[in-house]
Amino acid sequence: MSPLGYLDAGSGSMLLQIILGGAAAIGVTMKLTWRRFLRALRIRRDDDDT
Amino acid sequence: MVYSPDGEVLRELSSRGREDWEALENARFFRRALEDGRIVATEEIEPGLLRHERLPFVSYPYEWPFEMLRDAALLQLGLLDEALAEGFVLKDGSPYNVQWRGSEPVFVDVGSFERLREGEPWAGYRQFCTLFLYPLMLQAYRGIPPQAWLRGSLEGIEPSEARALLPRFRRGVLTHVVLHDRLEAKHADRERDVRSELKAAGFKKELIQANVRRLRKLVERLSPKRGRSEWAGYRDAAPYSDEDAARKERFVAGSGPAEFVWDLGANDGRFSRAVGAEHVLAVDGDERVAGELYTARAAGPRARPRARAPPRDRAEPAVRGARHLAARARLAARDRVRRPRRPDGDAPAGREALGDA
């Protein structure tokens, strides 16, 4: 796990980079959303990030 | 840690920094950028100790006209794009990492480069927005010069503030300002979670590259909106007759040679060019005038990095545009009184430490 830098990277700013990544981002967004969905349904546990 | 005893600019690397440096110094993009002067000349004089080229003058983003801030942004984005291709990233997005050699922007914070960790987004994007993009947009879209704001706020313009000020349908505003502010509000205090989510989702450097390229196109197209300028037509309307002006020019040319000259109220740079000095700092309180002078200079022959002193007959006006510099002149004069010049003629080290942000 990477250390937090001296800079406030901003969580919103980091997420925005997916949108700004354009087409390349579709895959990443889908995966993110899918994992959240599964977690919400409790099919995945919170620490289950493989 | 950056310090300068004896007028040298040295940087000591932490153990993590040493690892990054070892990777960096072999990177092709880094060597190329060193060679063409876009990155400040750097050598490792002892293991873990770097020495940087000393630039003749240190200035701050709130002292630059629009065009200089924009070119600094483009330098930053260009280096970042090249770095990403070889697995490096710039930790931050700050104009304080850029200094000037004449009219050429030079990236000075070599410690800002680090190896890109997989799945990590660009941590410097937010800072790039607050310190580069929003100030440029403020002037391009609203005609408000951002220097006074940047003087007061070292971290720049916040997304919520930019959103309140900028017109939402101008280029780049919906994404980098409006959406940025909304996401920031929604996900505040979740930094650690978001980082691990992104990593698990397979965030790739191609996303950063795509964003950086879009930002480049956006910034390239920004141009300053300026109102009427008090001083822009000064030369034509000036109280000097042509003869008086020529006489002044001869006087100025004859008053050299000097190592470093400040032209306070440089306007179109006529007298900055005339003076026989190794370095000339052209200062003007009128932002438009300073911007135009910089543009004219930037279009000229390009300065190259030098290990030795340059030939004495070459003047390179370096443009700044703020009344603030008159205050710095007073401070510099005061510093010189306190620190007498060395017998070998070197200028004393002033307030020039390039601190780690």
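In this predicted model, 37 residues of chain B are in contact with 25 residues of chain A. On the chain B side, the elements that contribute two or more residues are helix H4 (125-142), helix H7 (173-186), helix H8 (191-200) and H9 of chain B. H8(B) supplies the largest share, seven residues. By class, the chain B side that touches chain A divides into 15 nonpolar, eight polar and 14 charged residues.

Within chain B, helix H3 (residues 66-85) packs against helix H9 (residues 205-220) at an angle of about 155 degrees, and the two axes are 10 Å apart. H3(B) is therefore roughly antiparallel to H9(B), and the crossing is left-handed. From H3(B), the residues that meet H9(B) include Arg70(B), Leu77(B) and Leu84(B); among their counterparts in H9(B) are Ile208(B), Val212(B) and Arg216(B).

The table sets out the residue classes of the two contacts.

The largest nonpolar core holds 83 residues, of which Leu69(B), Ala83(B), Phe107(B), Leu136(B) and Met137(B) touch the most other members. H4(B) gives the largest share of this core, eleven residues. For Phe107(B), the contacts beyond four places in sequence are Arg38(B), Ile39(B), Val40(B), Leu75(B), Leu79(B), Asn97(B) and Val98(B).

Conventions. Residues numbered from 1 in each chain as written. Chains lettered and ligands numbered in written order. Predicted model: local features only at pLDDT ≥ 70, side-chain atom pairs only at ≥ 80, totals over all residues. Axes fitted to C-alpha atoms, helices over the stretch in contact; angles between N-to-C directions. Helix = DSSP H or I, 4+ residues; strand = E, 2+ residues; numbered from the N terminus. Parallel < 35°, antiparallel > 145°, perpendicular 65-115°, else oblique. Left-handed = near helix turned anticlockwise from the far one by under 90°. Contact = placed C-beta atoms within 7 Å. Nonpolar A, V, L, I, M, F, W, Y, C, P; charged D, E, K, R; others polar. Core = buried A, V, L, I, M, F, W, Y, C linked by C-beta atoms within 7 Å. Buried ≥ 20, exposed ≤ 12 C-beta atoms within 10 Å, placed from the backbone.
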